[in-house]
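Keep the viewer open as you read.

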Amino acid sequence: MDDIDRIAPTRRPEGRRVAQHQTWETLLFLHWRVPVEALRPLIPEALEIDTFDGDAWVGLVPFTMRGVRLSWLPAVPGTSDFHETNLRTYVHHRGKNPGVWFFTLEAAAWIPVQVARAGWHLP
């Protein structure tokens with residue numbers, strides 16, 4: 001068993017205010033075992049690929065986002081509900097800080113994509 005704390009990242013950091021609100025609905029998590037060696041060239045060297053039963057996992061996750069909005073603004077009709085799909089794997093940094101590495105995030109809403117690119121530096 002590894003020593004990675006997988007619960008701490010789920011807690012809100014102290015002193016940080018909520019940046020946005022959103023609800024995820026109708027999620028589907030599809031995962032495939034992938035040899036670590038196959039993913040290694042795709043992940044930055046500073047990150048370690050997280051494994052389960054000796055293999056890495058790649059996930060395809062489609063879902064619907066509802067009520068997406070910046071915390072200080074009301075939801076804007078036509079921009080707060082949309083479908084998203086991401087392709088991901090799981091990583092950590094030096095045995096700590098488990099996280100998700102997104103190969104792609106695809107959202108069916110132009111304005112929220114622009115806000116995410118500008119505010120959170122997402123590609």
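Phe63 is buried, at a relative accessible area of 3%. Keep this residue in view; the model around it is a predicted one.

Start with the layout. The protein chain has two helices and six strands. Read from the N terminus, the order is β-β-α-β-β-β-β-α. Along the principal axes, the C-alpha atoms fill a box of roughly 45 × 30 × 25 Å. The chain counts 123 residues, and 24% of them are buried.

Now return to Phe63. Its partner is Trp24, and the two form an aromatic pair. The structure holds one such pair. The ring centres sit 4.2 Å apart, with 20° between the planes. Planes under 30 degrees apart count as stacked, so this pair is stacked. Trp24 belongs to strand β1 (residues 20–25) and Phe63 to strand β4 (residues 56–70), so the pair ties together parts 39 residues apart in sequence. How exposed is Trp24? Trp24 has 38% relative accessibility, which makes it partly exposed. Phe63, by contrast, is buried.

Last, the surface. The protein chain exposes about 8800 Å², and carbon and sulfur atoms supply 59% of that area. One nonpolar surface patch covers about 510 Å². Trp110, Ile111, Val115, Trp120 and Leu122 make it up. Trp120 lies in helix α2, which spans residues 110–120. At 38% relative accessibility, Trp120 is partly exposed.

Methods:
Residues numbered from 1 in each chain as written. Predicted model: local features only at pLDDT ≥ 70, side-chain atom pairs only at ≥ 80, totals over all residues. Heavy atoms only, no water. Phe/Tyr/Trp six-rings, centres within 6.5 Å; stacked < 30°, edge-to-face > 60°. Helix = DSSP H or I, 4+ residues; strand = E, 2+ residues; numbered from the N terminus. Buried < 20%, exposed > 50% of the residue type's maximum accessible area, 1.4 Å probe, protein only. Patch = residues over 30% accessible without salt bridge, like charges linked within 9 Å, V, L, I, M, F, W, Y side chains within 5 Å. Areas by Shrake-Rupley, 256 points an atom, 1.4 Å probe, with all protein chains shown as cover. Salt bridge = Lys/Arg side-chain N within 4 Å of Asp/Glu carboxyl O.
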